[in-house]
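Here's a quick briefing to read with the model open next to you. Work through it topic by topic, and keep the viewer handy.

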Amino acid sequence: MRNYCIRPAGPGDLDGARAVMLDTVYRDFGTGYVPRWHGDIIDPVAAYLVPARHTLLVAIEGAEGEGGEVVATAALDSRGPAHPPNPRQVAERYPCGTTAQLRRVYVRRGHRRRGLARRLVAELLAFAAADGGYRSVYLHTDPAVEGAEGFWRSLGEVVHDERADPGGGQRIVHFDVPLRAPAPFATPFAAPSPIP
C-alpha cells in the first residue's frame with residue numbers, strides 16, 4: 001500500500017497539479033484544454049491560492065510528501081455555477097459567495113481506488129465548514145468518465161441530471177454534497193498561505 005501526503009498546494013506543487021489536471025481533461029474527458037472552462041488550470045494561483053475562501057489541495061506520493069510526485073488534485077471556490085451553460089434553476093439554487101463549489105477532483109489512473117478522492121473531498125468539506133460563510137456545497141460531473149457518477153452519488157444527492165433534459169443538455173450531472181465537518185484524517189489540514 002502506498003502512502004500519500006495531502007496538503008494545500010504550494011508554489012512547488014503547481015506544475016505537478018497542472019499536469020494532473022491537463023492529463024485529465026485530455027485523456028479522461030477527451031475535450032482537451034478549453035479556455036472558458038479550464039482557465040483555472042493554467043492560473044491556479046489566481047483561482048485558488050490567492051482568494052482566502054478558495055483552496056487547491058494536492059496529494060503527493062510518499063508519507064512525507066517531500067520530493068514526491070503530485071498524483072491528485074482537488075479544489076474549492078466560492079463561485080457558484082454560471083447560467084449559461086448550466087441550467088438556470090441550478091445557478092439560482094447555488095449562488096456565488098455562499099456556495100462552495102468542488103472542482104478538479106482528479107486522481108491519476110495509477111493511483112485510483114485507494115481512497116485519495118474521498119480523502120481530498122473530506123479535506124475540502126472541512127475547509128468549507130471552517131470558513132463559516134458557505135451554506136451549500138455543489139459540484140457537477142461528466143458521467144461518461146469512468147467511476148465519476150458512482151463516486152459522487154456515494155457522497156451527495158443529484159439535484160439535476162441534464163441527460164433527462166430535452167436534447168440531453170451538456171449531459172452533465174449536478175450534485176449537492178452535505179456541508180459538514182467530516183472526521184479528520186491523520187494529516188491535519190492547514191489553510192494555504194498567500195502567494196505573492
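Predicted model: local features only at pLDDT ≥ 70, side-chain atom pairs only at ≥ 80, totals over all residues.

A search of the whole structure turns up 3 aromatic pairs and 0 disulfides. There are also two cis peptide bonds to look at, one joining H83 and P84 and one joining P84 and P85.

**Aromatic pairs and a charge over a ring**

- A pair of aromatic rings is described by the distance of the centres and the angle of the planes.
- The whole-structure search gives 3 aromatic pairs, and one of them is F29 with Y106: ring centres 5.6 Å apart and planes at 80°, so call it edge-to-face.
- F29 sits in the loop between α1 (14-28) and α2 (35-42), while Y106 belongs to strand β4 (residues 99-107), so this pair ties together parts that are 77 residues apart in sequence.
- For a charge over a ring, go to Y134: R53 lies over its face, 4.1 Å from the ring centre.

**Helix packing**

- Two packed helices are described by the angle between their axes and the distance between the axes.
- For α1 and α2, the angle is about 155° and the axes are 9 Å apart.
- That angle is over the 145 degree cut-off, so the two helices, α1 and α2, are roughly antiparallel to each other.
- On the α1 side the contact is made by R18, M21, L22 and V25, and on the α2 side by H38, I41 and I42.

**Cysteines**

- A disulfide is a covalent bond between the sulfur atoms of two cysteines.
- The search of the whole structure finds 0 of them.
- Is C5 buried or exposed? C5 is buried, with a relative accessible area of 10%.
- C96 is exposed, at 56% relative accessible area.

- H111 is in the loop between β4 and α5 (116-131), yet it counts as buried at 7% relative accessibility.
- Which residues does H111 contact, leaving aside its neighbours within four places in sequence? They are R2, Y4, E61, V71 and L116.
- S136 is part of strand β5 (residues 136-141) and is buried, with a relative accessible area of 15%.
- Once neighbours within four places in sequence are set aside, S136 is in contact with Y94, T98, T99, A100, D176 and L179.
- A144 lies in the loop between β5 and α6 (148-155) and is exposed, at 67% relative accessible area.
- A144 and D28 are 116 residues apart along the chain, but their C-alpha atoms are separated by 8.8 Å.

- Most residues other than glycine have a negative phi, and most peptide bonds are trans.
- The peptide bond between H83 and P84 is cis, with omega about -15°.
- The next bond along, between P84 and P85, is cis as well, with omega about 15°.
- You'll find P84 in the loop between β3 (70-77) and α4 (88-93), and P85 is also in the loop between β3 and α4.
- R113 isn't a glycine, but its phi is positive, near 65°.
- R113 lies in the loop between β4 and α5, where it counts as exposed at 75% relative accessibility.
- R171 also has a positive phi, of about 65°, without being a glycine.
- Look for R171 in the loop between β6 (157-161) and β7 (173-177); R171 is partly exposed, at 47% relative accessible area.

Conventions
Residues numbered from 1 in each chain as written. Heavy atoms only, no water. Disulfide = S-S within 2.5 Å. Buried < 20%, exposed > 50% of the residue type's maximum accessible area, 1.4 Å probe, protein only. Phe/Tyr/Trp six-rings, centres within 6.5 Å; stacked < 30°, edge-to-face > 60°. Helix = DSSP H or I, 4+ residues; strand = E, 2+ residues; numbered from the N terminus. Lys NZ or Arg CZ within 6 Å of the ring centre and 35° of its normal. Axes fitted to C-alpha atoms, helices over the stretch in contact; angles between N-to-C directions. Parallel < 35°, antiparallel > 145°, perpendicular 65-115°, else oblique. Contact = heavy atoms within 4.5 Å.
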